[in-house]
Amino acid sequence: MTAAELLQAIAQVTWLAIGAVEIARAVRRPTRTTIDIALFFGAIALVTVEGRLVALAELPYEDLVRATTLVIVIALPYLLLRVTRDFTTVAMPIVRVVELGLVASVILIATFGTTVLAATLYVVVYFAAVAIYCAARAVTLAGSSYGVTRRRMGAVAAGSYFLGMAILIAGIALVAPGLAGVTAALTQICTVGSAISYAIGFTPPNELRKYWQLPELRAFLSRAAALPRATMDEIVDDLSEVAGRALGARSTIAVWDEAHRVLRFRDTVGAVPPEVGPSTFLSWRVFEGQRSLYVPDASAANPANAELYRSAGVGPVLIAPITAGERRLGVLEVFASREPIFEEDDLAFVELMAQQAAVIMEGRKLIDEAARARAVEEAARIKEDFVSAAAHDLKTPLTTIVAQAQLLERRAAREGRTAELTGIQRLVRETTQLSRLVEELLDASRLERGALPIQPEPGDLAAIAREVTARERAGADRIQIVSNGTVAGMYDPERIRQLIDNLVENALKYSPAEDPIEVRVWSEDSTARLSVTDHGIGIPPEDMPHVFERFRRGSNVDHRKFGGIGLGLYICHGIVEQHGGRVWVESAPGRGTVFHVTFPVSAARERPASDATMVAS
Amino acid sequence: MGTVTRQAAILAVDDDPSILDLLTDILTGEGYRVLPAQNGAEALRVLEGDRPCLVLLDMRMPTLDGWGFASAMRDRGLKLPVVVVTAAENARAWAQEIGADAYLAKPFQLKDLLRVVERFCPPSGDRSGSAGFAY
């Protein structure tokens, strides 16, 4: 096989392959564009087959075959123009000229056949002119396109250019037979160039497509790297701009608004309302179905809103869902004014960009959420710091007031000034209550900051309980303590005193004046146990889950009659937790309440305490 | 709580004058002689001429704070019962740090103050109060 023969074989195989692929595509999805492309390449493939057959053997209907080939070759420029018109605009006068030229070709060839050189030359020049014009249009189109389309259009332009050149050189061969050797080789080269260029343009291998997508994708991703610093609106604007530019079309992103359950468009290009809820809108369909969509004509796909699409000049639409894992974030929508030249590439690219957009938007969202959480934390810390500082500053003047009031009380009692004594006792009671509140606020704020200090040391829970219950207080005679032997463990004596005192005070406060309060301390299953039982008003079932929360007070408690701000049990819970123990409550409204506390005997704070469980009886 | 027969002295160290006045008022009423000092340095000067049975010591003070006072006392070989009286939340830890004998958290109860004073300065005048960390 000579080099010329090899070139010829390559060209022929390529033409046949493109023809087969494009005819298959047109059968699968018959649109004006696919049919035009199939006609053009089908015609070339047919001419190739005929030429090959004629060369191989004497055919019975050789004249007929030659005639068919001639007709097809004459029609090819017109078919090429049709394909070009499907991609881009061609001025009407030019269409008319080409049509007239076609008619002229037919008449000339029908009249003179290929015997008259002038007629043949006319056909050749006509063909070459149309092919080169189409190549020029494709170059213009490539120039205004982006990404894969730009490359593919460039290849198509090259294909048309080579085709025109091949025909032109064949024409030169007719007028200058002396150059036959050179012209034949050049024609061959141009034919192969044309076939390969068209193959790359119309049926590019996937690897090549991916390679072509790279620069756009890289540009998109390098933008993405800077985006987390931008606001979500800026990100959305930027992404839709980049997506539109990558496809040479208009693009918009709708963000899912969870609170209002609508898709919110930043920029609607006039085709859809700013907000889209459940509806026939294509964006909604894609969002709901989570499958990307290409429609060649939005008006036809969504007749209910056809007017809207038409007035916005929207024809074909490409939409892909922007979804990060399970989180549906929105949709990316690309509007074109005419059918995309290579819609499968464009849809794949829109999907790819939607995936990237999802990653970026999700990242932004997470950063926002983290920032919000930090702000809330910071606000809480400032509040706690303030409470802590304020409570601490209250302590110094309180020291003087409390002790001075108690001194006055002591002297009035000693000197038998009963008239003053009642008033002074009221003063003592209230200042004591005030200093208790300040202590509670401080402890609660320490707990909130996770900084309630405990200093465990070996001790006896029963001894501490006895000491607390023996304290002088109103109603002290109602307290019965039940304990047998020592209940050894690691306790912060101060905090455990505070715990028991709180529970006892609560029991006294919320039970009738004559009813007993039982405090039990015992060891069981290598845990230290404590319970405080009253027979008072109890806790309503709806309050049970909140007993140990901050600022919680029983819904059945008369707040004017019983003082307190609802921190006592919260602090108790914190103290028990710091000791690695558990606290829970059993209660029946009207029958009384039991608070249970357990501590591990081995060591305090050995492991984090599980949440206190509340058991309703 | 009876009145002490011999006038035992108590050194009260606090930068807050109203606390000093209060302590003076309370303890004088109980028959003690109160030696007031507004900071550690003043307290050390008081100790040059007097020998109290107890030091009531605030911790955060200007010039010389509780820690400085305690170490200066140690350096001079002065062995006196010290009770830390502070509004800080780590009263107990601080008391342990400086080797104090007890601590009293502000705001304190009058009876707690009197109990701790009586422990170190008993009305009989016997100063050998129980040793060890208590309260």
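What percentage of the contacts in chain B between residues at least 6 apart in sequence join residues at least 24 apart? The figure is 61%, where two residues are in contact if their C-beta atoms, placed from the backbone, lie within 7 Å.

## The model

This is a predicted model, in which local features need pLDDT of at least 70, side-chain atom pairs count only at pLDDT 80 or more, and totals for chains, interfaces and linings use all residues. Residues are numbered from 1 along each chain as its sequence is written, while chains are lettered from A and ligands numbered from 1 in the order in which they are written.

For chain A the mean pLDDT (the predictor's confidence in each residue, from 0 to 100) is 83, and 92% of the residues of chain A reach 70 or more. In residues 603–617 of chain A the pLDDT is below 50; this stretch has 38 contacts in the model beyond near neighbours in sequence.

## The two chains

Chain A contains 17 helices and 13 strands. Helices (H or I, at least four residues) and strands (E, at least two) are DSSP runs, numbered from the N terminus. Of the 617 residues in chain A, 37% are buried. A residue is buried if 20 or more other C-beta atoms lie within 10 Å of its own, exposed if 12 or fewer, and partly exposed in between, with C-beta atoms placed from the backbone. Among contacts in chain A with a separation of 6 or more, 66% are between residues 24 or more positions apart.

Chain B has five helices and five strands, and its pattern along the sequence is β-α-β-α-β-α-β-α-β-α. Buried residues account for 40% of its 135 residues.

## Nonpolar cores

A nonpolar core is a set of buried Ala, Val, Leu, Ile, Met, Phe, Trp, Tyr and Cys residues joined through C-beta atoms within 7 Å. The largest has 55 residues, and Phe40(A), Leu80(A), Phe127(A), Val130(A) and Ala131(A) touch the most other members. Two or more residues of this core come from each of α1 (3–28), α2 (32–56), α3 (62–87), α4 (92–112), α5 (117–144), α6 (147–175) and α7 (180–202) of chain A.

Setting aside neighbours within four places in sequence, Phe127(A) contacts Leu76(A), Pro77(A) and Ile167(A). Another core lies apart from the largest one and has 45 residues, including Ala403(A), Ala43(B), Met59(B) and Tyr103(B).

## Packing of α3(A) and α4(A)

The axes of α3(A) and α4(A) are 10 Å apart, and the two helices pack at an angle of about 180 degrees. Axes here are lines fitted to C-alpha atoms, for helices over the stretch in contact, and angles run from 0 to 180 degrees between N-to-C directions. The two helices, α3(A) and α4(A), are therefore roughly antiparallel, a label for angles over 145 degrees.

From α3(A), Leu70(A), Ile74(A), Pro77(A), Tyr78(A) and Leu81(A) meet Val95(A), Val98(A), Leu102(A), Ser105(A), Val106(A) and Ile109(A) of α4(A). The residues of this contact are 10 nonpolar, one polar and no charged. Ala, Val, Leu, Ile, Met, Phe, Trp, Tyr, Cys and Pro count as nonpolar, Asp, Glu, Lys and Arg as charged, and the others, Gly among them, as polar.

## Where chain A meets chain B

In the interface, 17 residues of chain A contact 17 residues of chain B. On the chain A side, α13 (343–414) and α14 (418–448) each supply at least two residues, and α13(A) gives the most, with 12 residues. That side of chain A comprises six nonpolar, eight polar and three charged residues.

Technical notes
Parallel < 35°, antiparallel > 145°, perpendicular 65-115°, else oblique.
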